[in-house]
Amino acid sequence: MLNLSGLGLGYLLLRAWFLVALCWAATAALLVTVLPAEPDGPPTGLLVGYGLVLLLAAADGARRGYRPAATGLPVRPVLAAVLGLVLLAVPAGGAVAYGQARDEAREQQLLDRLEKVDAGVARADGKQFSSVEPQYRKALDGYRELAGEHGGSRAAGLVPDRLKAYYKSVAAPYHAKEYCAAVEPLTYLRTVPKRLDRELLGKLAGWPDGPLATSLLECGLQSLDDASAPAGEASDGELAELLRLFPDSDQAGRVVPAVGKEISAREKAVGGAEPCTATEQLRHLRTTAAGLPDGAGDALAEDAGDAVRDGVYACGVDRFEDKDFAGALKTLGEFRRTYKDDKRRARAGTIAIAAEIAKDRASAGKRLPPSRAPGGARMEYVITNDAPTSVEILYTGPVTGVVKLAACGDCKKYPSRASGSSAACKSGKKYDRSTLRLPAGSYHFLYKRGAGTVEAVGNHTSGARIQSGYTYTDCTYVIEGAGLPGGLELPSSAR
């Protein structure tokens with residue numbers, strides 16, 4: 001029993017010094033191997049081997065004790081047994097102490113794991129969520145493992161507080177009032193209860209709902225006047241999502257009034273200095289309103305559509321006045337194609353004609369063409385087409401309009417401008433012609449050649465002043481080689 005202490009005390013009593021040394025060596029080897037204590041404990045084979053050594057030492061001690069040598073000390077068997085039992089406390093106490101040390105090592109290992117998880121959250125903090133979402137998911141898995149697999153540990157007891165810090169880190173954009181950036185991380189936080197025990201989360205489980213509703217509303221409102229955003233982006237991403245996720249929330253109740261207010265403001269801006277910008281914003285608002293679920297924004301979309309109609313017309317006029325003739329032509333052409341029943345369609349066409357001429361002849365765009373034709377006498381202006389292609393003639397001045405002449409089937413290109421000027425429209429061929437009746441004043445013309453057998457024929461512009469008491473003639477033809485259309489000088493004859 002004394003030998004079971006692992007110190008070879010039975011052999012010491014018998015003065016078997018070599019065997020005492022063997023016991024001490026075995027125990028020393030065990031201590032060197034198992035200390036300091038590791039979380040997983042010593043190898044099983046080592047403990048089994050050491051236990052066999054103790055059993056062999058105890059058995060050998062029993063054999064020697066029953067056959068004591070003559071030099072042995074006279075100790076009573078009962079005293080030896082009691083002393084052996086007392087000394088058994090040494091290995092037993094050592095085992096208990098080692099168990100406690102091993103448990104502490106395990107705790108420290110779990111705390112180290114917790115620290116690593118916390119460090120991952122700290123590294124992700126403040127960065128764009130989409131770029132660090134995998135880090136947050138990995139950290140959440142770490143917290144779940146610590147709390148679920150090591151429930152009684154100190155590290156597991158710290159997880160609830162760490163989760164509060166985790167939620168704060170993920171939701172940092174919301175706390176900084178960066179509402180658009182907060183939508184994605186808050187949406188992610190709503191999925192956390194599916195991966196983690198709700199009892200562990202406590203109040204955190206339902207916390208993201210309110211901040212997410214606020215973020216969807218504020219981000220959607222910020223984007224309402226963003227004309228550069230793709231149409232419908234806000235409706236599909238924020239405001240409509242708010243109405244779908246939280247239809248009964250206070251935030252959802254603010255959506256329709258806010259969109260209506262923005263539409264009214266942009267409708268007034270159509271008549272201001274930047275009608276084109278206001279129109280683009282109205283288009284965006286119309287799409288936003290139409291995208292709200294359950295028809296919540298249908299009436300607003302209709303109001304915005306009416307305002308867009310006015311805005312397109314106002315934008316075209318504004319671009320003409322700003323000398324952006326290409327923009328004016330495009331915008332007013334869109335207006336005429338889209339709103340064929342609008343009373344302003346004819347006026348939009350008149351301004352578009354002037355804009356098209358002014359693209360090449362800036363003097364034609366000094367001012368908007370008159371909305372009404374002047375009174376007084378009208379002069380005849382006869383235009384004849386002596387060319388193998390059709391021609392469209394746009395004119396603007398006191399009146400604005402367009403005339404189209406068909407191609408001359410027997411006509412050909414002239415070798416030079418001189419030959420065209422002297423012979424065009426005088427051969428008795430069957431020409432297409434048109435007679436305009438124009439008030440006196442300065443006019444600008446654009447000759448647009450149609451497709452046909454003549455290649456490389458470009459458009460050209462010219463100007464003329466119509467005076468009272470004259471009849472004017474104009475002849476269009478094509479010059480050989482140069483590919484340029486020609487025209488006769490004005491005036492040609494007196495009335």
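## Aromatic pairs

Two rings of Phe, Tyr or Trp (its six-membered ring) count as a pair here if their centres lie within 6.5 Å. With that in hand, a search of the whole structure, which is a predicted model, turns up 16 aromatic pairs. Take Phe-335 and Tyr-339: their ring centres sit 5.4 Å apart with the planes at 50°, so this pair is tilted.

Tyr-470 and Tyr-472 make another tilted pair, because their planes meet at 45°, with 6.1 Å between the ring centres. How exposed is each of the two, Tyr-470 and Tyr-472? Tyr-470 has a relative accessible area of 28%, so it falls in the partly exposed class, whereas Tyr-472 is down at 1% and therefore counts as buried. The cut-off behind this is that buried means under 20%.

## A cluster, and a charge over a ring

Some of the rings gather in a group. Which residues form one aromatic cluster? They are Phe-129, Tyr-136, Tyr-143, Tyr-166, Tyr-167 and Tyr-188.

Elsewhere on the aromatic theme, Tyr-313 has a charged neighbour: Arg-344 lies over the face of its ring, 5.2 Å from the ring centre.

## Helix H17

Which residues of H17 are buried? The list is Phe-325, Gly-327, Ala-328, Thr-331, Leu-332, Gly-333 and Phe-335. An α-helix has 3.6 residues a turn, so residues three or four places apart point the same way. And what do the buried residues of H17 pack against? Their neighbours are helix H16 (298–321) and helix H18 (345–360).

## Strand S1 and its partners

Now for the strands. S1 runs over residues 378–386 and is mostly covered, with seven of its nine residues buried. One partner is strand S4 (residues 432–439), which runs antiparallel to S1 and is joined to it by eight bridges. Within that pairing, Val-382 has Thr-435 as its bridge partner in S4.

S1 also pairs with strand S7 (residues 470–478), this time in the parallel sense and over six bridges. Here Asn-385 stands opposite Thr-476 in S7. The tilted pair of Tyr-470 and Tyr-472 takes us back to S7, since residues 470–478 make up that strand.

Terms used. Residues numbered from 1 in each chain as written. Predicted model: local features only at pLDDT ≥ 70, side-chain atom pairs only at ≥ 80, totals over all residues. Heavy atoms only, no water. Phe/Tyr/Trp six-rings, centres within 6.5 Å; stacked < 30°, edge-to-face > 60°. Buried < 20%, exposed > 50% of the residue type's maximum accessible area, 1.4 Å probe, protein only. Lys NZ or Arg CZ within 6 Å of the ring centre and 35° of its normal. Helix = DSSP H or I, 4+ residues; strand = E, 2+ residues; numbered from the N terminus. Pairing = 2+ DSSP bridges. Contact = heavy atoms within 4.5 Å.
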